[in-house]
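Visitor: Can you walk me through this one? I would like the sheet, the helices on it and the aromatic contacts.

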Amino acid sequence: MTDTPEAAVIIPHYNDLERLGKCLDALAPQVAAVGDRAEVIVADNASPCDLGPVRSAYPWVRFVTETEKGAGPARNRGVAESAAPWLCFLDSDCVPGPDWLATALARAGSADVIGGRVDTFDETPHPRSAAEAFETVYAFHQKHYVENRGFSVTANMLTARSVFEDVGGFRNGYPEDIDWCRRARAKGYVLVYADDLAVAHPTRQDWPAMARKMRRLTAERLTLFGTGPKRRLLWAVRAFLVPGYALVQAPQALRHPGLSARERLSALAMLARITGLRMVWMWRQALGLPI
């Protein structure tokens, strides 16, 4: 292997060896095919599980440890441990497509920041649970995020090291993808969408998993929005608009071709439950109460 590969694949991980193994299994033939052009770094967030077996199973992967909790600090650690000029961010629960790494290398230098497609898949047999149906419809609209909202989810994002160093690392406690991409765009960097750069992410299976995700996102978005008295008042006003989101987004579930009639209703029920709870959480945040 050369001293400096062209690209570093940065994978944050915490206590999910089964999904990490699936991710690395998908990467293994791709890394072998490109040789010393790329390296893979798993930035472990001080997981309580034993990493010994996975280290032995994937000797071509470099494992590093970041003790500060959060995917953002883990990603920052992975970047710091590499000197590659091109950074490929991938989540440990994602399965990269068979040509993901070759496509990433081919696209190196074509744009400042690239957001690739994120598909979803179920890990349990059908019929889908309400959470799985909801995520099938509403999770990871990456093309819309990139082209209309100005950010890429970090589950599948590429950038140059020079861009990353100029923008700065991911900030913990913020919605890291929105925050980092906003800072990049503020510096004039261009973000583009790449449909041929594809990974697949498992749908969340139940309400507790969905609630954890939504609680985290709600907390992070207030941090990004601002926590001063005037901002909290405006946050409370915005909370009243949240139920309208369910009405606007409902047709997506009703028209989704991949869901059965029962699953469409389950997705709608989950949408209503989530938006109702988010409204309550936002009011509590505006009052300075925990969620």
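Visitor: What am I looking at, and how is it numbered?
Guide: This is a predicted model, where local features need pLDDT of at least 70, side-chain atom pairs count only at pLDDT 80 or more, and totals for chains, interfaces and linings use all residues. Residues are numbered from 1 along each chain as its sequence is written, and side-chain values use heavy atoms, with hydrogens and water left out.

Visitor: Okay, the sheet. What is the strand order?
Guide: The order is β3-β2-β1-β4-β7-β6-β8-β5, an open sheet of 8 strands with mixed pairing. The edge strands are β3 (61–65) and β5, each pairing on one side only. Strands (E, at least two residues) and helices (H or I, at least four) are DSSP runs numbered from the N terminus, and two strands pair if DSSP finds at least two bridges between them.

Visitor: Which helix packs on the sheet?
Guide: Helix α4 (residues 100–107) packs on the sheet, touching β1 (7–13), β2 (38–44), β4, β5, β6, β7 and β8. Contact means heavy atoms within 4.5 Å. The direction of α4 makes about 165° with that of β8; axes are lines fitted to C-alpha atoms, for helices over the stretch in contact, and angles run from 0 to 180 degrees between N-to-C directions.

Visitor: How many bridges join β8 to β6, and how many to β5?
Guide: 9 bridges join β6 to β8, and these two run parallel. 2 bridges join β5 (residues 95–96) to β8, and that pair is antiparallel. A200 in β8 is the bridge partner of D119 and also of V95. P96 stands opposite V199 in β8.

Visitor: Why call β8 enclosed?
Guide: Strand β8 (residues 191–202) has 9 of its 12 residues buried, so it is largely enclosed by the rest of the structure. Buried means under 20% relative accessible area, with a 1.4 Å probe and protein chains only.

Visitor: Switching to α8. How many of its residues are buried?
Guide: In helix α8 (residues 176–186), 8 of the 11 residues are buried. They are E176, D177, I178, D179, W180, C181, R183 and A184.

Visitor: What do they pack against?
Guide: The buried residues of α8 pack against α3 (71–80), β6 (113–121), β7 (156–160), α7 (161–167) and α9 (207–225). Just after α8, G188 takes a positive phi of about 95°.

Visitor: Now the rings. How many aromatic pairs?
Guide: The count comes to 10 aromatic pairs. Rings of Phe, Tyr and Trp (its six-membered ring) pair if their centres lie within 6.5 Å; planes under 30 degrees apart count as stacked, over 60 as edge-to-face and the rest as tilted. The F89 and F164 rings have centres 5.9 Å apart and planes at 40°, so that pair is tilted. F89 is in strand β4 (residues 86–90) and F164 in helix α7, 75 residues apart.

Visitor: And F164 with W180?
Guide: Their centres are 5.9 Å apart and their planes at 25°, so the pair is stacked. Relative accessibility is 6% for F164, which therefore counts as buried, and 0% for W180, which therefore counts as buried. Ring pairs link F89, F164, F170 and W180 into a cluster.

Visitor: Which charges sit over rings?
Guide: Among them, the charged end of R171 sits over the ring of Y174, 4.1 Å from its centre. R231 lies over the face of F225, at 3.9 Å from the ring centre. The rule is NZ of Lys or CZ of Arg within 6 Å of the ring centre and within 35 degrees of the ring normal.

Conventions. Buried means under 20% relative accessible area, exposed over 50%, partly exposed in between (1.4 Å probe, protein chains only).
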